[in-house]
Amino acid sequence: MEIEQNVAQVLFTQGATLVLLDVPAGTDVGIDTKSWTVGNNFKGIKMIPPGIHFVHYSAVNKFDELAPRIGFFHDFKKHEFLVKKWDGKEEDISLEPVSEETIQRLRENLRDLDRYLGPYPYEIWKPWKELTSDITASLVTRCSPLCGFVRSALELEPCSDALRPRGTECSSSSNSEQRRSGRLTAVDREAQLLPDLKPRPGTELRLTEIPDKHYPDDATPSEITRHSLDSSYVLHTILRKLQEPVEIIGEMQLTFVCFLVGQSLDAFEQWKELVTLICGADDAIPQYRSVYMKFLQSLEVQLSYVPEELLCDIVANNNFIYRSLCTLFGNIESNSQVDGGLKSCARRLQERLTAKFLWDFSNLFEEADDEAPVVVTLARAEVNKS
């Protein structure tokens with residue numbers, strides 16, 4: 001897409017520059033939702049709009065096979081001149097900072113360097129801003145791995161059996177009972193054969209922990225049931241720990257970007273849990289109205305990036321997004337404390353999703369067959385008396 005002259009001039013004078021030294025030809029390099037296979041003359045990217053961006057790359061071997069993707073977030077400032085160097089031995093961007101002398105020399109020769117820099121793809125700028133509207137620099141700092149790089153394939157190291165990640169306490173206890181009774185499933189047996197590994201410290205995303213326990217310690221049986229049907233308690237518990245409630249939308253956007261662009265499955269699992277959590281709340285909706293308005297807007301933007309074939313057939317794909325939205329739309333519509341503005345916003349989104357994906361939201365208050373309560377009839381046994 002051609003850039004208008006005035007926009008091009010602003011980006012040329014105020015945009016940031018990312019210089020990548022010694023990147024081998026054939027390497028996949030990208031920024032935000034765009035990537036290229038670079039040639040011998042590639043030296044970096046210019047005219048980057050100020051703001052938060054995600055730079056990513058994949059090394060290539062002699063068989064032209066790409067390595068797992070690696071990326072990092074960076075909050076580019078106006079006129080910023082960022083220089084990174086490729087480490088040929090590690091086939092990765094070097095962790096060693098480039099010397100000030102080298103940076104100064106490159107800056108002074110920027111006119112000669114300019115022809116080796118690819119311009120930021122202006123056509124993705126507006127969609128990228130919509131996709132990352134609530135991602136802040138502080139959120140990036142909090143959630144990014146300590147090493148600074150988001151890896152699609154986590155670095156793993158051996159660990160003791162006690163430290164091996166294996167799910168919640170509840171599931172571990174259940175597995176122990178199953179082992180004792182000899183009732184292990186095929187999946188459980190396969191899990192036991194896996195080596196004891198954990199992510200290398202500093203390489204994993206530092207995301208908000210979602211508690212497994214969905215009710216307070218002193219909850220009565222009826223309260224436990226209520227909290228199991230309404231995730232408001234967990235949502236409120238999480239939001240109290242954040243600087244601002246809307247930060248949960250920023251994390252939802254960040255994990256989606258790490259999944260969509262960074263190809264991180266761990267990020268996808270967190271995004272999925274956040275979507276399910278927010279959609280499953282009922283009592284909390286009026287209190288966090290602004291969060292829900294932003295949630296509906298953000299999720300619609302995100303769904304435009306998910307391949308349609310994964311979203312259209314809700315039966316074959318057991319689409320958790322559709323099921324979660326059915327719950328949310330039903331809660332918004334039936335909650336008397338929710339204002340008309342939020343209800344109208346939810347209805348309009350329903351209409352757009354129905355038009356695009358053919359999703360049926362007409363029976364929001366009818367339980368699905370597999371979720372309806374099971375009625376068990378107990379027959380009284382006749383006892384023959386002698």
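# Notebook: salt bridges, cores and a few buried spots

**Entry 1: an exposed aspartate.** I started at D217, which is exposed at a relative accessible area of 69%. A reminder to myself: this is a predicted model. Which partner does D217 meet in a salt bridge? I found K213, with N and O 2.3 Å apart. K213 itself is partly exposed, with a relative accessibility of 37%. While I was on the subject, I also noted a network in which R142, E247 and E251 are joined by salt bridges that share partners.

**Entry 2: counting the pairs.** I then asked how many salt bridges there are by the rule I use. The count comes to 13.

**Entry 3: K46 and D114.** The closest N and O atoms of this salt bridge are 3.0 Å apart. Where do the two partners, K46 and D114, lie? I placed K46 in strand 4, residues 44-48, and D114 in the loop between helix 3 (110-113) and strand 9 (117-119). The two are 68 residues apart in sequence, so the pair ties together separate parts of the chain. Next I checked accessibility: is K46 buried or exposed? K46 counts as buried at 14%, while D114 is partly exposed at 22%. The cut-off for buried is under 20%, which is why D114, at 22%, does not count as buried.

**Entry 4: D134 and K294.** In this salt bridge the closest N and O atoms are 3.3 Å apart. D134 sits in the loop between helix 4 (125-131) and helix 5 (137-143), and K294 is in helix 12. The pair links distant parts of the chain, 160 residues apart. On accessibility, D134 is buried at 14%, and K294 is partly exposed at 31%.

**Entry 5: cysteines.** How many disulfides does the structure hold? I found 0. I looked at C279 in particular: the nearest cysteine sulfur belongs to C326 and is 9.8 Å away. A disulfide needs the two sulfur atoms within 2.5 Å, so at that distance C279 is in no disulfide. C279 is also buried, with a relative accessible area of 1%. I checked C345 too, and that cysteine is buried at 10%.

**Entry 6: the nonpolar cores.** The largest core has 85 residues, and I248, F295 and L325 have the most contacts inside it. Why does this core lie between domain 1 and domain 2? Because both domain 1 (5-132) and domain 2 (137-158 + 192-357) give residues to it. Apart from that core there is another one of 9 residues, including V19, I103, L106 and L113. Going back to I248, I listed its contacts, leaving aside neighbours within four places in sequence: L235, I238, L239, L242, L274, I278 and V291.

**Entry 7: helix 9.** Three of those I248 contacts, L235, I238 and L239, turned up again when I listed the buried residues of helix 9 (232-241). Which helices do the buried residues of helix 9 pack against? I got helix 10, helix 11 (265-279) and helix 12 (289-303).

**Entry 8: T255.** This threonine lies in helix 10, residues 247-260. T255 counts as buried, with 0% relative accessibility. What lies 3.0 Å from a polar atom of the T255 side chain? It is the backbone oxygen of M252. An α-helix has 3.6 residues a turn, so residues three or four places apart point the same way. Beyond four places in sequence, T255 is in contact with L207, A267, Q270, W271 and L274.

**Entry 9: A281.** I found A281 in the loop between helix 11 and helix 12. A281 is buried, with a relative accessible area of 0%. What does A281 touch, not counting residues up to four places away in sequence? The list is D230, S231, S232, L235, Y292 and N331. N331 is 50 residues from A281 along the chain, yet the two C-alpha atoms are separated by 7.8 Å.

**Entry 10: whole chain.** The chain has 14 helices and 12 strands, and 41% of its 386 residues count as buried. Of the contacts between residues at least 6 apart in sequence, 73% join residues at least 24 apart.

How values were computed. Residues are numbered from 1 along each chain as its sequence is written. This is a predicted model: local features need pLDDT of at least 70, side-chain atom pairs count only at pLDDT 80 or more; totals for chains, interfaces and linings use all residues. Side-chain values use heavy atoms; hydrogens and water are left out. Buried means under 20% relative accessible area, exposed over 50%, partly exposed in between (1.4 Å probe, protein chains only). Helices (H or I, at least four residues) and strands (E, at least two) are DSSP runs, numbered from the N terminus. A polar contact is a pair of N or O atoms within 3.5 Å; within protein, one must be able to donate a hydrogen and the other to accept it, and residues adjacent in sequence count only if both atoms are side-chain atoms. Contact means heavy atoms within 4.5 Å. A nonpolar core is a set of buried Ala, Val, Leu, Ile, Met, Phe, Trp, Tyr and Cys residues joined through side-chain atoms within 4.5 Å. Domain bounds come from an automatic or database domain assignment. A salt bridge is a side-chain nitrogen of Lys or Arg within 4 Å of a carboxyl oxygen of Asp or Glu.
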